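Please examine the sequence and the structure shown below. The briefing that follows is arranged by topic.

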Amino acid sequence: MIGLNHYLIVAGLLFAIGLIGVIRRRNLLMLFFATEIMLNAANVAFAAISHYYNDLSGQMFAFFIVAIAASEVAIGLGLLILLYKKQGTLDLDDLATMKG
Amino acid sequence: MESLVYIALFAPLVSSLFAGLFAMSPRQTFVGVVSSLLLFVSFVSSVLLGYHIATTGANVHVTMMDWISVADLHIPFGFMADQVSVTMMVVVTLVSTVVHIYSIGYMDHDKSFNRFFSYLSAFVFSMLVLVMSDNFAGLFIGWEGVGVCSWLLIGFWYHKPDVSREENPSISPSWAANEAFIMNRIADLGMLVGLFIIFWNTGSLQYDVVFSQIPNLAPAVLTAAAAALFIGAMGKSAQFPLHTWLTDAMEGPTPVSALIHAATMVTAGVFLVIRANPIFSVTPEVSYFIAALGTFVAFFAASMALVNRDLKRIIAFSTLSQLGYMFAAAGLGAYWIALFHLAAHAFFKALLFLGAGNVMHAMHGELDIFKMGGLRKKMGWTYAYMGLASLALAGIPPLAGFFSKDAIIETAFNEGTLILWAMLVITAGMTAFYSFRQVFLTFLGDERYKEFGIHPHEMYGFVLIAMSPLAILAVIAGFFRDWFNSFIIHLLPNYEMSEHTHHLALILGAIVLVVAVSGIVLAYIKYAKGLQRSEKTENGFIYKLLANQYYIPKIYEALITKPYAEISKLMWTKVDIRIVDATVDGIAKTIYKSGDGSRKMQTGNLSNYLNWMAGGALVLLFITVASYVIG
Amino acid sequence: MSFILSILIFFPLIAGMLGFIVDKGSARVYGISIAAIEFLLSLWLWMNFDANSAAIQFIEFMPIVKDFGINYYVGVDGISLFLVVMTTLMTLIGMVSMTIKNEIKNMVVTILFLEMTMVGVFLALDAIVFYFFWELSLVPMLYIIGAWGGPLRVYASIKFFLYTFSGSLIMLVGMLFVAYKFHEITGVWSFAITDWYALKFDLNYQFWLFLAFFVGFAIKVPMFPFHTWLPYAHGQAPTIGSVILAAVLLKMGTYGFVRFSLPMFPDASVMMILPIAIISIIMIIYTAMVAYAQEDMKQVIAYSSVSHMGIIMLGIFAMNSQGISGSIFQMLSHGIVSGALFMLVGVIYDRTHTKIMSNFGGLATIMPKYALVFGIMLMASVGLPLTIGFVGEFLVLIGFYKVSPVLTILAGTSIIVGAIYMLALYKKSFFGAITNEENKKLKDLDSREIVSFIPLVAIVIWLGVYPKPVLTPIDNSVQAMLSFMKEKAITPEAKNMIVATQTAKEAK
């Protein structure tokens with residue numbers, strides 16, 4: 001039987017994958033993907049717990065997150081394209097201009 | 001009568017301010033004349049007051065205004081003339097008037113003539129405040145006031161540079177002035193503490209209130225108060241170990257030495273003990289200590305005078321020695337005898353100093369008695385005056401010193417303190433010896449000054465006339481002993497010799513007299529024919545020890561002055577800069593460095609930031625979990 | 001004139017603002033006349049002050065932030081009255097004696113601005129208003145040191161600013177906590193000091209709050225070991241800066257102890273007597289020794305300030321009227337005397353452009369008037385009776401003797417060590433032969449300098465001979481404060497220690 005814990009473990013694994021991506025990746029596009037994975041990990045957890053407690057607010061939250069992620073991707077990708085056109089790269093090491 | 005108190009007190013102040021007006025202008029003889037006149041006015045007022053008190057037996061007490069008034073501490077400016085203070089007033093104003101007139105002649109060529117009179121009169125004013133005040137705080141005003149005037153007058157020739165101790169034992173007038181001031185301050189702290197003890201235990205600083213409270217006080221409190229007050233007295237009266245400033249104070253002009261450092265200021269300590277006699281008479285331990293210390297100083301100072309070559313320093317040591325006598329008397333309970341000796345001493349010692357001033361004036365500032373001799377031919381009057389004063393000092397009847405000093409020695413015998421008695425008798429012999437050693441070396445024998453091309457001349461006539469009152473008093477003051485006794489015992493406890501002593505009085509007197517006369521004879525044999533120096537004696541250990549004042553000034557320098565300067569330097573360069581300030585700067589630098597170090601986090605690389613963020617999130621998560629688990 | 005206190009506070013500010021449009025050439029005269037008017041106003045305040053009443057007078061009250069109980073609340077009592085008068089006097093005299101030539105207009109405006117903050121600190125009865133003026137006073141001083149100072153001016157001014165600022169931040173935390181507790185207990189917000197007085201804290205709170213206020217005040221005083229900003233600030237500041245710093249700014253710290261620490265935390269204050277007395281004695285002796293080692297005349301006086309502030313601190317914690325009244329009197333006395341001494345150093349610095357004592361020697365021969373004024377101030381500084389310096393020192397010592405005889409004897413060494421460094425300074429600079437040929441041409445005090453010194457000399461002697469007009473109002477307010485503290489104290493030790501109007505015999 002697949003219980004709550006299984007879902008949460010999957011969500012945790014997904015989140016960890018996303019986190020590692022955020023930490024390790026240098027390409028902005030890849031960072032985006034990693035962020036999306038983390039958001040979706042949260043979604044899985046929300047949905048699972050919502051089901052477990054028989055409370056719909058968790059699933060509502062998941063929808064909100066999906067909506068926000070979608071708009072974020074739309075705007076973010078647009079910005080990335082502009083940045084790529086301007087700089088010719090999306091590698092973060094090359095984009096470090098605000099050095100303190 | 002109240003107005004007489006004010007006139008006596010404030011005439012010197014007016015004189016000081018008047019002379020002060022001209023302090024920065026060239027020499028004006030009338031400044032000295034006006035000052036002397038005002039001092040004479042003060043003297044006449046004092047005498048009238050004395051006459052009033054002697055005839056009516058009533059004290060004159062005035063309260064001018066409040067000075068400090070906080071919570072239950074009330075200190076007024078109150079002045080009183082009673083038997084003790086009026087005696088002091090007469091002595092002070094008399095000697096001051098003579099010294100003022102004398103100074104017109106002595107300071108003749110000094111460009112700071114006017115300033116000198118301003119200081120001198122200010123001193124007299126402070127001294128009168130000291131003796132006339134009706135409370136301890138007022139006494140302290142005068143106490144500090146005379147200290148400052150002494151500082152100003154010792155350092156009067158402030159322009160002289162510092163020289164080495166070998167060249168001049170007092171280094172420079174300004175050095176000597178500072179030494180005197182600071183040493184007195186050490187003692188003043190003791191005095192202040194005495195005031196505090198008295199105030200917190202009696203609730204007042206007025207003499208009458210304090211003395212009426214004495215029966216209610218614990219013996220320990222009284223002992224502490226007496227000890228603290230006596231520490232104050234030790235400074236002003238230059239008792240061991242605070243004595244070194246007095247001889248160095250001889251850097252001041254000679255009239256100053258006569259007035260301040262012989263006749264008046266240095267006796268303030270004795271005056272304090274006499275004034276506070278109700279306290280001292282119920283504290284036998286402190287009183288005995290005073291007597292013992294006084295006797296010791298009498299002997300100790302006289303021993304240093306034996307070999308000294310400096311005209312003024314010899315007299316200074318002799319002053320020190322006589323102050324010891326006074327303290328011995330006061331400590332043994334014979335307060336009126338101490339006061340009597342104080343007055344008699346003021347007359348003949350001032351005369352001696354003024355005579356020395358004449359010699360110094362004649363010798364163009366030379367003070368070494370080995371370079372003098374035979375001055376009698378040129379300075380007959382001065383010889384007579386100094387000889388007379390020395391006879392009085394040596395205690396030869398019927399001069400003043402005989403009556404007063406003999407009484408002190410007799411007291412020591414009467415109290416059964418035979419060691420003190422013996423020391424005082426020996427000191428009397430030493431006194432006679434060094435006084436006449438000085439007189440003979442200066443005035444008799446070969447004229448050694450000729451080698452140095454000095455042409456001595458007698459002092460101005462008016463100066464010699466001005467000195468005559470002192471000379472007369474030095475001769476006759478002793479005859480007033482019984483009268484003075486009946487006058488003063490209205491206020492001071494009487495002291496009478498026991499039956500036993502009374503029987504032996506003649507023998508005791510004879511012993512002292514024999515010792516004194518043999519001292520003079522010895523001096524005559526050794527020095528009257530001229531100076532014979534013996535290498536052997538002068539290189540002897542004891543001679544050197546005495547000539548170097550038991551090396552005490554050098555010990556003080558090595559143990560106190562120099563270490564203090566060095567520790568101060570150390571405190572500044574090592575502690576204050578290297579530790580305290582460095583810590584503050586260290587904290588500031590640490591903050592700056594940490595900022596400088598953490599600045600490197602700001603790489604501008606988004607990836608790094610994300611790493612920091614992730615790390616931070618993990619740390620926060622860990623803390624949350626940990627606190628959940630623990631708490 | 002019911003708004004006299006507001007006028008006193010804000011008149012210099014408005015006049016300072018207007019000062020920007022004054023012609024450069026007349027800026028000095030403008031500054032002097034404004035300071036003179038301000039001084040006359042403060043004298044008017046003194047004349048109309050009811051000396052027999054211990055209450056706070058001339059109260060003005062106007063809400064600022066009603067919901068948080070922050071009000072513009074000012075008033076004056078015997079403790080603050082004379083500090084205000086001294087502030088205006090020293091500003092006036094500092095202005096008269098000022099010799100700065102460059103940027104004179106900015107200087108005048110800055111000083112007037114500073115005067116506002118100083119008067120504000122002493123008159124404020126609301127903690128926030130107090131804190132506002134307290135911090136604001138740093139700005140003009142920072143500017144004075146930083147813009148007109150010596151070679152190390154930037155270091156000195158930043159050190160001064162940051163050091164005192166960080167201390168007062170901790171004090172601010174303390175204030176906010178007191179207000180919070182006040183709200184917790186009474187249910188309303190108030191920052192009025194008089195409201196706070198009514199608050200009884202338990203011992204633990206008192207102790208920590210006392211420490212929080214202590215840090216702010218102690219750095220300002222400055223107490224050992226927080227004193228090291230002072231020599232730099234004095235060493236680098238122009239004469240006018242040093243005068244105001246020594247005369248007034250340091251007094252803000254000691255005033256804070258009297259206004260806040262003692263009445264608000266009586267038990268903690270009694271607990272802290274011993275540590276503070278020890279620090280004070282270290283201040284007295286240690287800084288006096290450091291002063292003796294200095295080569296720079298101005299540094300001697302700077303360190304001597306710390307030494308004298310030690311006496312003041314000691315008196316405040318004597319917990320009796322003699323000590324505290326003596327302390328407040330000593331604040332005035334030190335303000336006048338150290339201000340005058342810094343001005344005197346300024347006189348010789350203007351002529352020779354050096355403050356190192358070994359360059360002088362024999363000045364008394366060349367400049368007798370200068371030597372005379374210096375001598376009088378020196379005697380006041382070493383506490384000669386019948387000068388202003390004695391009264392305060394005597395009262396402080398006699399007051400503290402009640403607390404501890406041994407510590408008083410140690411503190412009393414100030415009359416010895418004080419004499420040592422001051423006389424050494426005088427001897428090195430004024431006595432001896434004239435060692436420096438160039439000094440022979442020096443001019444004695446000119447009329448402007450004499451005009452600025454005469455009032456100070458007069459005050460030094462007047463208040464030394466007859467301190468009563470000043471001491472009585474101070475004493476009234478202090479006694480009222482002490483009896484209030486005694487009532488408020490919760491521990492019996494504190495109740496025993498605080499003596500409001502005792503008779504000496506009872507105190508035995």
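This is a predicted model: local features need pLDDT of at least 70, side-chain atom pairs count only at pLDDT 80 or more; totals for chains, interfaces and linings use all residues.

**Terms**

- Helices (H or I, at least four residues) and strands (E, at least two) are DSSP runs, numbered from the N terminus.
- A residue is buried if 20 or more other C-beta atoms lie within 10 Å of its own, exposed if 12 or fewer, and partly exposed in between, with C-beta atoms placed from the backbone.
- Two residues are in contact if their C-beta atoms, placed from the backbone, lie within 7 Å.

- Seven of the 10 residues of helix H5 (127–136) of chain C are buried, so H5(C) is largely enclosed by the rest of the structure.
- These buried residues are Ala127(C), Ile128(C), Val129(C), Phe130(C), Tyr131(C), Phe133(C) and Trp134(C).
- The cover over the buried residues of H5(C) includes strand S2 (70–76), helix H4 (104–123), H7, helix H8 (193–197) and H11 of chain C.

**Two further residues of chain C**

- Met377(C) belongs to helix H17 (368–381) of chain C and counts as buried because it has 27 C-beta neighbours inside 10 Å.
- Leaving out residues up to four places away in sequence, Met377(C) touches Val337(C), Ala340(C), Leu341(C) and Leu344(C).
- Although Met377(C) and Val457(C) are 80 residues apart in sequence, their C-alpha atoms are 7.6 Å apart in space.
- Ile461(C) lies in helix H21 (447–465) of chain C and counts as partly exposed because it has 15 C-beta neighbours inside 10 Å.

- Chain B contains 25 helices and two strands, and its C-alpha trace spans about 110 × 65 × 55 Å along its principal axes.
- Of the 631 residues in chain B, 56% are buried.
- Among contacts in chain B between residues at least 6 apart in sequence, 81% join residues at least 24 apart.
- A nonpolar core is a set of buried Ala, Val, Leu, Ile, Met, Phe, Trp, Tyr and Cys residues joined through C-beta atoms within 7 Å.
- The largest nonpolar core has 431 residues, of which Ala350(B), Leu351(B) and Ala474(B) touch the most other members.
- Helix H15 (335–362) of chain B gives the most to this core, with 20 residues.
- Beyond its neighbours within four places in sequence, Ala474(B) is in contact with residues including Phe347(B), Leu351(B), Leu388(B) and Ala400(B).
- Ala19(B), in helix H1 (2–21) of chain B, is buried, with 25 other C-beta atoms within 10 Å.

**Contacts between chains**

- Two pairs of chains touch, and the most contacts are between chains B and C.
- In that pair, 49 residues of chain C are in contact with 42 residues of chain B.
- The side of chain C that touches chain B divides into 29 nonpolar, 14 polar and six charged residues; Ala, Val, Leu, Ile, Met, Phe, Trp, Tyr, Cys and Pro count as nonpolar, Asp, Glu, Lys and Arg as charged, and the others, Gly among them, as polar.
- The contact between chains A and B takes 11 residues from chain A and 10 residues from chain B.
- H1(A) gives the largest share of the side of chain A that touches chain B, three residues.
- Chain A and chain C do not touch, and their nearest C-alpha atoms are 24 Å apart.

How values were computed: Residues are numbered from 1 along each chain as its sequence is written. Chains are lettered from A and ligands numbered from 1 in the order in which they are written.
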